[in-house]
Amino acid sequence: LDPSVKSEACVLGQKRKKSTPKEAAVRKCLILEQKCSLPIFSAREKLIHQVNQNNTLIVIGETGSGKTTQLPQFLYAGGFCKAGKIIGITQPRRVAAVSVASRVAEEMDVEVGKEVGFSIRFEDATSSITRIKYMTDGMLLREALLDPLLKKYSVVIVDEAHERTIHTDVLFGLLKGIQARRSNSIEGKFREENGAEWKKTKRGDVTEDSKRNGNDQKAAWPHNQKANMFETSIEKEKDHHANGFLMEKSLSPLKIVIMSATLDAQGFSDYFGGAKVVYIQGRQFPVEIYYTYMPEADYLDAALITTLQVHIEEDPGDVLVFLTGQEEIESMERLLHDRISCFPEGTAKIMVVPIFAALPSDQQMKVFKAAPVGTRKVILATNIAETSVTIPGIRYVIDPGLVKARMYNPRTGVEALAIVPISKAQALQRSGRAGREGPGKCFRLYTEEAFHKLDDVTVPEIRRCNLSSVVLQLKALGIDDVLGFDFMDKPSRMAIVKSLEHLYTLGALTDEGKLSNPVGVQMARLPLEPLFAKAMLMSVSFKCSEEMLAAVAMLSVESIFFTPQDKLKEVNLAKLRFSSSEGDHITYVNVLCAYMGELKKIGEPQDKKAKKSLQNWCNIHFINGRSLKRALDIHRQIQGYIQGIGLELLSCGEDYSSFRRCLAASFFLNAACKQPDGTFRALASGQIVSIHPSSVMFGKKPDCIIFNELVHTNKHYIRNVTRIDPLWLPELAPRFYCTKDIQTNFLPDSQGQKPLQD
Ligand code: ADP
Ligand code: MG
């Protein structure tokens, strides 16, 4: 357990302890009352029975019916944690995993990290006594690397299945395979090494059932090294028992529960071999929907005005505003505070609470706190509040109809973050949030005509994003035939082939398409995108692994600086202290170093005064304290992994050119050259891009750069940019660039200048 995690988990636990015994008793009663009034409560026995009867069960129920918080508790009480087994519940988002674990721990009157825990990337709050474990879907995939049969788990609940994140989709295939293999083991096909029940099976007596399952297992699991290892050990063991009986240890079957908030159960049921579907009767009050007459030019401005209007004109009730990301949420938070401070005295107060994926866990719980009487709570959320977390008290929903999504073009190999329209199904979910406890209102910041033009349902992520990370994980799981993997929705062949090519280019795959050792194996162990994992590995030979570690940690968080629009000059001045003329990566390293230095000065553990002084330091430098705190957590965690795989941490000191060379060697696919008009042309895709105003390179005109992020708004913007020497490209990525091509790209223009160099 990471010490920082322990302390956070403890914070969650301690918060409850502060209340007096009387307050605690009242709260307990309230929680019990809430639990009993949830729609799922009356289905308790039926659900336990159905999970007992069916190896796979699909549970459909409206958001707020109690699926996520209650079903694991039912199964816990129903005996599914016997013999130390765990009930795992996967969530697409980290915030949901943390907040739900904390809620369930409170309901069960235990501390987070004890019987109820959570595990998300860079944070683990579980212990040997954890029996109900909430985790991100990505984390369960990683666990399968170490425990291919997920032996610890009696039940895996895939929650929010309708979201169809790429990890959820891969989990579907994986769990199906594991379930088949574990069932086979019961028939005596596999044996286990450690502590479970043993059963007697007549030697060589393979039932018809297990033969059939054996075939199924082959279909679901392409040739697998791990499976071979099991079979070899069975053979050996057989020789040891000459009494006609073979002692075999059986694995309990894996129960799979798929939970979804939308009604399209058929697809899930078909995929899981006609699995049984149960419906939880929901409770939904009417929600009045309002559209705009005309399309809104600036949805943020529209959202701000609508929020204020609701506050002034509407009856009491909390407001939920859907925004697309941390930056938008934080700037809206500031704008709301500014506007409200100008309101005449006597106007009711507003309590603004943000919730987004990267919010540190100790701050996430604030959304669930009721506002003081007479104050209206305004929740600014990403689409996490669509179905993942149910926040009580909401009567008004403001929906700009947009979401930030990853978009991938397999033809060009370019992946970008883009703000795109939601689907009709999402719009319905969003408006539904206003009608959970009584009639509500939803203000859609688009026209009714625009609503009718929306797609009916969201395209699964696996059909629209870069598959490199997933393919690397499948390979690490021993699934070599990725094209033949049992996907619920198969990604395009081109997308798979492209990701195989990409991994091969990074050196993660051998000529035969197998995971390379050590590069591929090490890359799969680092909890980073393959490109960043490779950069981390390379940085050791460039003797700048400390700098790369800092850069990767900082690139894993959003919005390091905050930029109030009325203080642009001050922000730029403050940034100067850290900014490097070479680019954003070195700037980030400088910021993290300065932050760590400040922490050292203050000294840990931090008291209130120290926290305030740190916050002050962040404010003076326009640094986002939330983001830096998270970056530091990530830094600590990756450092642990790096040391775990035996890599050295080396600093390049003041010699940043080796760090920049390492960036060029790592991110050469994202190199771009300057165009005469000041824009840049990405060398690999040919796409024309511009440096984002938030970059320290904005307004500068380096000849050649690498970048880490492409954002589509009104333009194609690149962020996280560093200047490189174009001639490094053929030197460091000779398989991709040749000197001649680079010289042509950087040839003298019509005025006959010499080729450009660093
Ligand atoms: P579902 O998964 O069906 O959408 P949940 O189990 O998430 O439903 O929510 C059930 C109830 O628990 C809701 O009424 C919600 O308000 C409440 N709840 C969930 N998490 C928390 C929390 N962290 N704090 C307070 N209430 C919560
Ligand atoms: Mg839920």
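Ligand 1 is surrounded by 17 residues, of which Lys67, Thr68, Thr69, Arg103 and Phe368 are the closest; a residue counts as near if its C-beta atom, placed from the backbone, lies within 6 Å. Two or more residues of this shell come from each of α4 (67-77) and α5 (94-107). By class, the shell around ligand 1 holds four nonpolar, eleven polar and two charged residues (Ala, Val, Leu, Ile, Met, Phe, Trp, Tyr, Cys and Pro are taken as nonpolar, Asp, Glu, Lys and Arg as charged, and the others, Gly among them, as polar). The model is predicted: local features need pLDDT of at least 70, side-chain atom pairs count only at pLDDT 80 or more, and totals for chains, interfaces and linings use all residues. Residues are numbered from 1 along each chain as its sequence is written, while chains are lettered from A and ligands numbered from 1 in the order in which they are written.

Eight strands form an open sheet with mixed pairing, in the order β4-β3-β5-β2-β6-β9-β1-β10. Strands (E, at least two residues) and helices (H or I, at least four) are DSSP runs, numbered from the N terminus, and two strands pair if DSSP finds at least two bridges between them. The edge strands, β4 (123-125) and β10 (276-280), each pair on one side only. Neighbouring strands of this sheet are turned by 20° against each other on average, direction ignored. Strand β3 (residues 116-120) runs antiparallel to β4 and is joined to it by three bridges; Phe118 stands opposite Ala125 in β4. Helix α5 packs on the sheet, touching β2 (86-91), β3 and β5 (132-136), and its direction makes about 170° with that of β3. Helix α6 (residues 137-146) also touches β2, β3 and β5, its direction making about 105° with that of β5. Contact requires C-beta atoms, placed from the backbone, within 7 Å; angles run from 0 to 180 degrees between N-to-C directions, and axes are lines fitted to C-alpha atoms, for helices over the stretch in contact.

Helices α23 (residues 584-602) and α24 (residues 608-620) pack at an angle of about 155°, with their axes 10 Å apart. They are therefore roughly antiparallel (over 145 degrees). In this contact, Glu598, Leu599 and Ile602 of α23 meet Ala610, Ser613, Leu614 and Trp617 of α24, giving five nonpolar, one polar and one charged residues.

The axes of α21 (residues 545-555) and α25 (residues 625-644) come within 8 Å and cross at roughly 130°.

How values were computed:
Parallel < 35°, antiparallel > 145°, perpendicular 65-115°, else oblique. Contact = placed C-beta atoms within 7 Å.
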